Amino acid sequence: MADHDLSGFEKSTFTHDGATRRILRRGTGPAVIVMAEIPGITPKVIEFAEHVAAAGCTAVLPVLFGEPGRDADPGRVGRASAGRSMASSLWKVCVSREFTLLATGRSSRVVGWLRALAAAEHERCGGPGVGAVGMCLTGGFALAMATDERLVAPVLSQPSLPLACSASRARTIDISPEDLAVVRGRCEREGLQVLGLRFRGDRLVPGDRFAHLRRELGDAFVAVELDASAANPQSALAPHSVLTEHLIDEPGQPTRQALDTVLDLFRTRLLGERERERPAPAV
């Protein structure tokens, strides 16, 4: 897959609390904030955003790191080029005070900016609320954003922070106790549903993390956990990115069923459509 020229996407910026970032936007209807994984908004992330737009929502992609549209899969662009893209994005994240990589019991500072973006997009796009998808490093951001009542459809795709370099970090996720209590209260009072996706055996997203979310949120946390064998074998990377690099976009494939589960959540919560009858992802 070649680099994407970003055609079909509106380009703008958003500023909050002194921080200005680029925004890509596509579609009409209620907003869904799509937060990319490292190394950034790759062509596969753009494909996911196009699915969101085709479902009847406005896909809003903040540029948090990396160069939008650049392909970074080592199997397609070579390990040297992919390594440079990965290293550049990781360096920006590591030196930024807005991202919390290791500390437990904290929400990253960038979440405040993302909440403000979601509020602005809700006002702009209308609808009953906003959706959010975080992937890998940004996975937990969608959970922390759900302290705002306008966030009604949070999706945590392979949430990888804090980095699980110890057992205690594997049993938590990057959200403060105060923020988690607010989200739990919304689940109990409002019926908020939090959707999580991961591949079993993914060391970046240990099973203990999803067990922690089940304990904290109960039945409001809906986990889709796929066998590693369901991942796209054409990717040069180990099974990790459920909705992007490891998606097999074909009917009946477990990863495609997982994608449909995400899109159905947006249709139900943002568009008011009845949940469709479809087979559950193979787990």
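**Reading salt bridges in a predicted chain**

Being four residues apart in helix α7 (residues 177–190), Glu 190 and Arg 186 are separated by about one helical turn; helices (H or I, at least four residues) and strands (E, at least two) are DSSP runs, numbered from the N terminus.

Colleague: What conventions apply to this model?

Modeller: This is a predicted model, in which local features need pLDDT of at least 70, side-chain atom pairs count only at pLDDT 80 or more, and totals for chains, interfaces and linings use all residues. Residues are numbered from 1 along each chain as its sequence is written, and side-chain values use heavy atoms, with hydrogens and water left out.

Colleague: How many salt bridges are there?

Modeller: A salt bridge is a side-chain nitrogen of Lys or Arg within 4 Å of a carboxyl oxygen of Asp or Glu. By this rule there are 15. In one of them, Glu 190 pairs with Arg 186, with the closest N and O atoms 3.0 Å apart.

Colleague: Is Arg 186 buried or exposed?

Modeller: Buried means under 20% relative accessible area, exposed over 50%, and partly exposed in between (1.4 Å probe, protein chains only). Arg 186 has 3% relative accessibility and so counts as buried, whereas Glu 190, at 44%, is partly exposed.

Colleague: Which parts of the chain does the pair of Arg 124 and Glu 10 link?

Modeller: The side chains of Arg 124 and Glu 10 form a salt bridge with an N to O distance of 3.5 Å. This pair links distant parts of the chain, 114 residues apart: Arg 124 lies in helix α4 (residues 110–125) and Glu 10 in strand β1 (residues 10–16).
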